[in-house]
Every structure is written in C-alpha cells, then in structure tokens.
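Me: Please show me the structure, and let us then go through the terms used to describe it.

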Amino acid sequence: MRNSCYFSLIFQEIKLCQRFSSRGDLVRLIGICLLAVMLTLSIPNTTMAAAPKTGPFKNLIVTDLTVSRPAIAGERSFLTVNCTVKNFGTQRVRPKALAAFLVHENGKEEIFRFAPRYAPTEGIPTVRKRWESLVNGILPEKSFAFRQFGKIQKNPETYSCVVKAQDDKNQWYPLAFSDGQIASVSLRTISERLAPKVTYKIKEVNSNYAEPHVYPSGEPIKLKVLPVLSKGSDASSLISSLKIIPGAKPFNMTDIDKARELILGDGNNQAVWENRSLKGFFADFWKVAEDKRYLDIEVEFSKPIELQSLSLEGLHHNSLYGIRNPNLSVVNLDGSVAKISVVTMQENNNWKIIANLDECVSARGLRLRVSTPYKICITSLLIQMSPENLIKNKGKTISTVQWKNGFGKPLSPPKSLKMFQENTIVSPSNLDPGYYGLDITTRIPGMDESKKEYGFVVLPPLRSLPTSKPNDIVMPDPRFGMVHANLEDTNLGFSEVKTLTTANYDANNEKLDAAAWRNAIEYRKQLGLTELPISVTEPWHSDSTRPISEDQLGRLSRKMKQYFEATPELHWELGIEENLSWRANRGTWTHYWSNLAAKAKVVREAANQTDTSIKLVYQIAEVEPNSVEEFLSSPAAEYFDILSLHPYPWPDFPPPEKWMPKYLSTVYKLMKKYKQEKPLWFTEYGSAQDNTPGKDFFGYEHTYNRGVSRSENMAFLVRSHIIAFQAGVEKIFWYNYRDRGPNPQYPEDNFGLVDYWGFPKPGYAAYATMTRLLRNKTLEETMVSNMNMTSDIKVFYFSGSNQKCIIVWTYPAKEMEISLERLGITSTDLVQILNVEGKPVSIRGNKITISGYPVYFIIDK
C-alpha cells in the first residue's frame with residue numbers, strides 16, 4: 001500500500017508539471033521522484049508482493065519450501081515436505097490446517113494430500129496441543145515451520161508440490177511466495193536427488209556360530225566389505241516402445257495393444273479372460289505347437305540407459321502355467337545384441353525372472369523370450385537403470401565405516417572404503433558380549449547422503465553364563481515365545497513359537513495330511529520348541545453379516561478334529577485380531593458374536609472328543625478395554641480357555657510403565673466382573689523401530705508414528721517383559737523375529753530383532769541377554785515390596801535354584817547412582833553386573849550408575 005501511495009504522488013506531480021512548466025517545477029519533480037525511489041527501495045520485498053489477493057490467507061507468505069526423497073515408480077517411498085510460513089499482516093491468522101498437495105503438470109489435482117505431521121484432528125492430545133499452539137502463534141514476523149509426508153508411486157517428475165491453508169469451512173487456499181507466485185516446487189527439479197544407490201556385500205571371515213552375524217567373546221569381527229551398485233531408478237518413463245510378439249497365434253490372449261499398460265508398473269492392472277479377472281498380460285497356447293509356445297518382449301528406450309537390473313514376474317496357478325528357458329539380451333549402442341544371464345525363481349503361485357548386473361551395461365533396447373508349457377500370465381516388468389548422478393560421480397563417491405555399540409556410541413574412528421572393490425574391516429579387539437554395529441555412510445555429489453548399519457552380536461555360550469554352579473541344567477523357559485521365528489536360532493532362548501496356520505490341509509477333499517503335519521510339529525519338538533498354531537482361513541472365517549450355516553460349522557468341526565487327533569498336545573488360536581474388524585464394521589456385522597460363539601462351540605466339542613487338555617485362545621489387538629469387555633460379556637467367551645492380548649501401544653509406543661499396569665489391571669477386573677477369569681498371554685507384542693527417529697517419515701501414508709529407536713527398543717523390550725510378568729502375564733510371544741520388509745519408513749517392516757537382510761539389531765542382544773539370565777527364575781514380589789526405594793527406581797528380583805538376578809532401572813528415565821547395599825547385595829555374593837545388551841559393567845567403589853536401560857545384578861544364593 002505504501003508503495004502505491006508514493007507512485008501516486010509521482011503521477012500527481014507529473015500532471016502538475018504539465019500545468020506549470022517552470023524550471024523550479026522541474027527541479028521539484030525530479031527531487032520527489034528520487035525520494036519516492038529511495039523510500040521504495042527501503043521497504044522489504046515481502047511487503048511488495050503478497051499472497052493471492054483472494055481468500056482469508058493473503059498475508060501468509062511461504063519461504064524455504066523443499067521436498068526431499070522423491071518416490072520412484074514401483075517402490076513404496078515417501079516425500080518429505082519442509083517449509084516455513086510467515087504472516088506479514090497485522091492480524092493473527094489461524095488456519096485450521098496447513099498441507100501440501102500433489103498437482104499434476106496438466107493442472108489436475110491428485111486425489112490425496114499429504115498428511116500434516118501435526119494436525120488438530122490427528123494424533124494424541126499432546127501432538128494436537130503442539131499443533132494448536134503453533135498455529136495460534138502465527139503473529140506478525142513470526143514463523144511456523146512444518147514437515148509433512150506423503151506417498152507417491154507414479155512418476156514423480158510429472159508432479160508439483162503446492163502449499164495450501166484450510167479455513168474453518170474446510171476450504172483450501174493456495175499460499176504464495178514473496179514474489180506473488182503460487183508456493184510450489186516441481187518434483188522434476190529434484191528427481192535426480194535420489195538416495196544413493198550403492199549397497200554393500202558383507203562377507204564374514206570368522207563367524208563360528210551357526211547363526212550368521214553372531215560371534216563368541218574375545219575375538220574381533222573380521223569382514224570383507226564390497227561396495228556395489230544397488231537398485232537404481234525406474235526406467236519405465238524412458239521406454240518408447242514395448243511389443244509382445246507370440247511365437248504363433250495363441251488360442252486365447254489379452255488385447256496385445258494393451259500389453260504396455262498391463263505389465264509396466266506395479267502389476268495391479270487387471271486383464272479379463274473368460275469372465276475371470278487376471279492380473280497383467282495373459283496368453284493361452286492350447287493346440288499350438290510346443291516350439292511356438294513363447295512370447296518375445298521387445299523394449300526400445302527413447303535414449304540409452306545404464307541398465308542395472310530387470311525383473312519380470314507372473315502367476316503360476318498350476319502345471320499348465322509357468323515359464324521355461326528364459327533368454328535375455330541387451331541391444332548395445334552400436335545395434336549389436338549381447339546375451340545376459342538370468343535367474344528363475346518360483347514361490348507359491350508366482351514366478352520371477354531376475355537379471356542383476358554387477359556392472360551397468362549401456363543399452364538402447366532389450367530382447368526377452370519366455371516359453372511356457374501352455375499358459376503364461378505376466379504381471380509386471382520392472383527395469384532399473386543407474387541414476388545419472390551416480391554414473392557421473394562414480395569416482396567421487398565417498399564411503400566411510402565406523403563401529404558403534406547398541407547405544408550409537410562410536411567405538412572406532414571413521415575409516416574410508418575403496419569404492420567398488422573389496423575392503424578388509426576388523427572390529428576392535430577383545431570384544432565383550434553385546435551389540436556391535438558397522439555404520440556405513442555414503443556420500444555422492446548432488447545426491448542425498450545415506451546411512452546403513454549392519455549389526456553383529458557377541459554372545460557367550462550358554463554354558464558360560466555367569467554362574468558359580470557348574471551343574472546348572474539349561475532348560476527351555478515357556479514364558480518366552482517368538483512370532484515368525486527362525487526355528488534353528490538357538491541364541492535367543494525362546495521355547496514357544498508361532499510359525500504355522502492350518503497347513504497340509506486339502507479343503508476340497510476335507511483331508512489333512514496328518515503325517516506331514518505331525519512331522520512339522522515333531523521337528524519343532526526336537527529343537528525344544530512348542531508350536532502355537534492358528535486357524536484363520538475358511539471354514540473358520542465367516543460372513544458376520546448373516547448367521548453362519550450348519551454346513552460351514554460341520555466343515556470347521558471336521559477340519560479341526562483332524563488336527564486335534566494328529567497332535568493332541570497343542571493349544572490353538574482361533575482367528576486373528578478380529579476385534580479390529582469388528583470395531584470397523586460393528587454397524588453391519590450384526591452376527592459376529594453369535595457366529596463366533598457357534599464356531600468356538602463346535603471347535604471346543606471337537607477338542608474335547610480328542611483330549612480335554614487342548615486349550616483354545618482368543619486374541620484382542622491394541623490397548624482396547626472396550627474390546628476386552630465386549631468379548632468377556634459375549635456368549636463366545638465360555639468356550640475359550642486363554643485370553644491373548646496384542647497390546648501394541650500405537651501410535652507412539654510410550655514406555656510400558658505409563659500404560660501397561662493400568663491396562664492389565666482393567667483386564668483382570670473385567671474378567672472378574674464377568675466371571676471369565678482366564679490365563680493371560682501376549683501372543684503378539686513388539687515395537688516398531690524407527691531407524692532415523694525424527695528425521696524422515698515413519699508411518700502409514702497419512703498417519704505419522706513415532707515408534708522407538710533401535711537403542712530405545714532394548715529398554716522397551718526388557719521392561720515390557722518384566723512389567724507384564726509382574727502383572728501375571730504367563731507367556732509373551734515377541735513380534736517378530738525378522739523385519740517383514742526393507743522400507744525404513746513403513747512401521748510394519750520394522751518390528752524385527754534382525755533386519756530384513758538378517759543382520760541383528762541391538763534388540764537381538766537385549767532379548768538374548770534377558771532370556772539367558774531369567775531362564776528358570778521366578779519373580780519374588782515380597783523382595784520388591786520390602787525394598788526402601790523411591791518411586792523412580794524400579795527393582796525386580798528373580799530367583800532360581802542357585803542364583804538370583806536383580807534387574808534395576810529408572811522411570812522416568814534418568815541417570816543416577818545407587819549403592820550395592822541399597823539393593824541388598826554384598827560384594828562377596830556378587831557374580832557379575834551386565835547392562836541391557838549383555839556387556840559387563842564396572843563398579844566404582846560400592847556404587848553403580850543406573851538409567852532407563854535395565855541393568856542385571858547376578859548374585860549367588
């Protein structure tokens with residue numbers, strides 16, 4: 001406004017000069033013009049151009065808008081949006097929400113918007129308060145910075161990120177930069193800043209344990225580390241032509257003109273054949289000569305690429321489907337053709353052809369021939385090329401390694417790796433038990449820095465545990481269980497496992513292969529393990545919108561009776577986390593509880609006809625007192641012997657002391673109220689581990705979850721077990737043994753004690769230490785109650801036949817010193833002190849420092 005006033009004065013003076021043309025008037029005009037220019041230049045640019053002139057947020061200006069980690073097609077990947085919003089008006093502005101939208105280059109807005117990390121309608125109350133306080137604090141010259149996350153699986157180069165504000169009527173308005181332009185950034189400008197595509201092959205030189213990455217005490221860990229090119233960028237956007245040419249005209253085939261759209265991308269496109277929906281491209285070579293039952297796939301690129309890998313996938317419904325003798329060739333830049341070796345894999349109903357190149361190959365096209373017995377169904381073709389920045393800066397790439405402990409503390413100085421050749425890496429010598437992580441940092445010019453930690457664990461043999469009684473017998477402890485367990489990993493000390501559903505059953509003929517089922521159970525017995533199988537598929541699964549039929553109940557009874565007769569010693573879980581589905585569908589699932597009671601009744605009767613000691617287990621997921629009450633008050637409760645909880649404390653996994661005692665107390669009160677007092681188990685429980693807490697997105701597309709860090713998980717794991725045991729929980733099955741997937745931003749992929757590639761995390765060492773030290777020891781409540789401790793010091797006594805184990809930590813977590821006398825320990829009885837990962841702890845005088853990470857005191861009786 002002030003600028004327009006100054007220029008208005010100039011225009012008025014010009015008019016005056018037209019009327020009074022004396023020399024004095026001219027001098028006056030020149031002086032006023034110079035003054036106006038000086039005043040104009042003295043005003044900040046931000047006041048010269050505001051946001052769009054319409055809408056309630058015209059005075060909000062966006063600065064520092066950046067978008068990092070763009071997705072690439074075929075991957076589950078997330079964008080992180082960072083920006084600062086400033087108010088240059090004179091009044092407080094209170095938008096209901098701030099968000100970033102993805103807008104296609106053609107101007108059509110995407111269906112979804114990014115979920116704000118802090119929003120008034122999402123998250124726990126403390127998060128909501130933080131959001132409200134920030135929004136209410138947008139005053140003149142104040143800034144509000146926000147980070148936001150969203151997923152995109154399409155080609156990111158065709159989208160822009162636009163920042164908008166929402167009013168109380170849920171209307172969204174675009175904000176602007178200081179120059180008046182809409183606040184947006186093109187993803188095309190950052191598409192090359194992908195995370196570095198370098199991975200590392202680790203060869204272990206001296207591992208003596210059966211389980212990889214686990215070592216005995218004393219000797220250093222010796223490795224051979226080879227940096228290699230990893231998966232690159234999706235090349236589908238550079239495919240100018242894709243043709244599928246059959247060896248002869250098939251008996252039936254999908255529209256060949258739609259081949260490109262059916263097999264490129266994620267493979268979720270549908271092709272329809274004979275009223276059946278099939279994924280991808282389908283061809284049936286019935287009545288075609290055997291040597292003509294093949295498809296040629298010809299691919300041409302709009303420009304040469306550095307080919308790194310290829311993956312062709314399809315369905316294998318039965319013996320008529322499948323692939324034979326795949327051949328892959330690359331069309332070189334000069335037009336010649338060179339053959340590339342491929343690997344064929346088949347798992348369940350899927351097949352895959354893979355070509356991974358150790359060194360990239362320049363290619364202008366590809367030729368692939370796939371033969372089939374009769375039928376072939378191709379669901380996806382994924383071609384990866386190396387990012388241009390990686391090729392250009394291959395010689396400038398810097399990679400360093402550094403050893404760290406389970407708390408992230410460096411144990412060695414950083415050491416540079418020679419790129420694309422084998423490096424010898426040796427850990428510090430004389431390693432104590434515990435976790436040791438090899439942290440590798442990769443820096444490529446023009447690209448995002450990446451970090452990857454490869455974990456290793458040092459454990460003493462079971463017979464050398466701290467003990468003064470050499471004849472102690474190592475027995476399995478039924479309190480400790482593992483979901484999706486590696487059955488042959490003997491280091492962790494669990495004795496209960498969940499690895500089987502209703503396997504070896506022919507539903508069409510209602511026949512169990514009893515011998516195969518018994519062999520599977522007997523194999524587990526020989527390893528000292530007890531299986532807890534689960535029945536989840538039809539005929540257990542039923543339509544809850546109507547009464548279950550007598551026919552389905554009969555099939556369920558006959559099926560389960562065969563399992564009971566084959567292995568009468570097992571207990572069974574029926575259904576998986578059905579309370580979550582009931583919660584979401586209670587308006588239409590009018591017959592859920594009556595159907596559950598009917599199914600449980602026939603299974604209970606089948607079990608009693610075989611062995612009355614068979615126990616049935618019902619699951620309730622999350623921290624849900626209402627779900628517990630609904631089950632216990634239902635007619636189904638009487639048929640179950642054990643109540644199982646899956647008490648995942650979403651979304652932020654707070655310390656167990658904060659919620660677990662209260663929740664379990666409520667559960668026991670409800671059992672008593674409804675006269676359904678049953679043993680309490682946790683048949684699933686664990687924590688989502690955020691590898692980069694607070695840095696990148698971690699959650700479920702539109703929901704941010706804090707999770708716990710890898711080091712925090714050690715404390716969370718141990719403290720959860722101890723508190724649950726104190727409350728009366730009989731068994732805890734930790735979820736889970738191994739990460740389900742490789743995505744560090746997706747919680748479901750990050751619950752494991754070992755990562756997706758099989759390398760241990762710090763939690764592996766913590767779990768092994770806990771089970772070894774508590775094996776065959778029981779909690780002594782009287783010892784705890786007799787201690788004169790402040791409320792922030794947690795002490796638990798576990799007693800065995802020859803030794804006691806005292807576990808101590810602080811809550812709320814803080815460091816403090818405590819004397820041995822205060823714990824009732826004499827120096828003559830003390831055998832050893834170990835930290836949460838199993839590493840010996842030194843004592844200073846008669847005192848030791850404790851914190852939120854549990855410490856074990858081993859003493860002789």
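Me: Which residue in E29 stands opposite Tyr435?

Reply: Tyr435 stands opposite Val457. This is a predicted model, in which local features need pLDDT of at least 70, side-chain atom pairs count only at pLDDT 80 or more, and totals for chains, interfaces and linings use all residues. Residues are numbered from 1 along each chain as its sequence is written, and side-chain values use heavy atoms, leaving out hydrogens and water.

Me: What makes E28 and E29 paired strands?

Reply: Strands (E, at least two residues) and helices (H or I, at least four) are DSSP runs, numbered from the N terminus. Two strands pair if DSSP finds at least two bridges between them. Strand E28 (residues 434–443) and strand E29 (residues 450–458) have nine bridges, in the antiparallel sense, so they meet the definition of a pair.

Me: Why is the sheet in the order E11-E29-E28-E25-E26 called open?

Reply: Its five strands have mixed pairing. Strand E11 (214–215) and strand E26 (415–416) stand at the edges, each with a single partner strand, so one side of each lacks a neighbour in the sheet.

Me: Which residues of H11 are buried, and which are exposed?

Reply: Buried means under 20% relative accessible area, exposed over 50%, and partly exposed in between (1.4 Å probe, protein chains only). Met660, Tyr663, Leu664, Val667, Leu670 and Met671 are buried in H11, whereas Lys662, Lys669, Lys672 and Lys673 are exposed on the other side.
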